[in-house]
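Each term below is set against the cut-off that defines it. The structure is shown first.

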Amino acid sequence: MTAAPTPPRSVTVRAPAKVNLELRVGALRPDGYHDLATVFQAVSLYDEVSVARWDEWQVVPGGTYADRVPTGTGNLAIRAAKLISEQWDIDDVLSIHIDKDIPVAGGMAGGSADAAAALLACDHLWGLGLERDELAELAAELGSDVPFPLAGGNAMGSGRGEQLAPVLARGTFHWVFAISDTGLSTPEVYRELDRLRSADGGDARDPAHSADVSSELMAALRRGDAQALGKALHNDLDEAAFSLRPELRVLRDAGVEFGALGGLVSGSGPTVAFLTESHEASLDLSVSLAASDLCRDIRRARGPVHGAHVVSGSRPD
Ligand code: ATP
């Protein structure tokens, strides 16, 4: 008879940031939401979330952006851990360490990555053996951006972004992210989009605002064609973010002038994402952007990368 495996004492999971290669926002619905059609790509900026049993719930932030991580019960990683513990009737209380390398409130879904990481880490800590689709269902309960960092790669998102379908793609793409000092509120950006659509006699509820992704973008991904992908990048929220923060348009235009294949606001911003031809081109663009003084912080990354995965699980001595 073999002994039951000893449960790990702590588990660490790494989860990636995302960039929306395309984000189409449909008409304003009566419930105040919009249908979305988007193509996500997971990129190589990661948060690491470690969970361990403790005597009170706590979040301990570390890493590049530690000072911007909320430590209260609103933290998405705590909400994720509590969701699993409630559904599986587990009494444990956890300490959650978040090593934060994904810019906070930058439209790169860092909070959602932490939630996805916490779900997977708790699954391992408690030996639940949940299937990926069970985890994805829990993820969707936590927020529309949470299922994608579990899956990683490239995916098309519909509904509010949480219904995922894999997208065929080849090759690796090289990104430069220009990060702003202060975040942009996602609801505020959507309100601004509705305001802009309603200006001059338009209507934010007009069904002509369609949520469909373009065939050009899908074809560019299938071919691994960075030039074509650069041309196909599109975000319906760009104009709303530029209207709230005109300096972001200046930044986007400067990056394209410095040689990016394309540039767009990442999600609801304010991070501006630039696609480049190669690793070397991404280095050159970073140098030019840094010299221009148009943004606080510049990060380079490649995509697509894998979704949330366990990087360590230490067992009792
Ligand atoms: P999205 O792209 O999904 O709109 P975002 O990248 O713009 O998200 P996040 O970094 O996820 O933004 O943070 C948005 C807000 O969520 C923060 O201002 C913060 O108060 C809250 N938040 C909750 N949990 C976390 C977490 N674990 N890490 C960062 N922010 C969190």
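This is a predicted model: local features need pLDDT of at least 70, side-chain atom pairs count only at pLDDT 80 or more; totals for chains, interfaces and linings use all residues.

Q: Why is phenylalanine 148 called buried?
A: Buried means under 20% relative accessible area, exposed over 50%, and partly exposed in between, with a 1.4 Å probe and protein chains only. Phenylalanine 148 has 2% relative accessibility, and therefore counts as buried. It is found in helix α4 (residues 147-151), helices being DSSP runs of H or I with at least four residues and strands runs of E with at least two, numbered from the N terminus.

Q: What does phenylalanine 148 touch, not counting residues up to four places away in sequence?
A: Contact means heavy atoms within 4.5 Å. On that count phenylalanine 148 touches Lys18, Phe40, Gln41, Ala42, Gly153, Asn154, Ala155 and Leu164.

Q: Why are β9 and β11 placed at the edges of their sheet?
A: The open sheet has 4 strands in the order β9-β10-β7-β11, with antiparallel pairing. β9 (262-265) and β11 (297-303) each have a single partner strand, so one side of each is left without a neighbour in the sheet. The twist averages 25° from one strand to the next, where angles run from 0 to 180 degrees between N-to-C directions and axes are lines fitted to C-alpha atoms, for helices over the stretch in contact.

Q: How do you know that β4 pairs with both β2 and β3?
A: Strand β2 (residues 34-54) and strand β4 (residues 93-99) share 7 bridges and are antiparallel. Strand β3 (residues 58-62) is joined to β4 by 5 bridges, and these two run parallel. Bridge partners in β4 include valine 93 for tryptophan 54 and aspartate 99 for glycine 62.

Q: What makes the contact of α1 with α2 divide as it does into nonpolar, polar and charged residues?
A: The axes of helix α1 (residues 76-87) and helix α2 (residues 110-125) come within 7 Å and cross at roughly 35°. The residues of the contact divide into 9 nonpolar, 2 polar and 2 charged. Ala, Val, Leu, Ile, Met, Phe, Trp, Tyr, Cys and Pro count as nonpolar, Asp, Glu, Lys and Arg as charged, and the others, Gly among them, as polar.

Q: What makes a set of residues a nonpolar core?
A: The set must hold buried Ala, Val, Leu, Ile, Met, Phe, Trp, Tyr and Cys residues joined through side-chain atoms within 4.5 Å. The largest such core has 65 residues, and Val51 and Trp175 are among those with the most contacts inside it. α2 gives the most to this core, with 10 residues. A second, separate core has 22 residues, including Phe242 and Leu289.

How values were computed: Residues are numbered from 1 along each chain as its sequence is written. Side-chain values use heavy atoms; hydrogens and water are left out. Two strands pair if DSSP finds at least two bridges between them.
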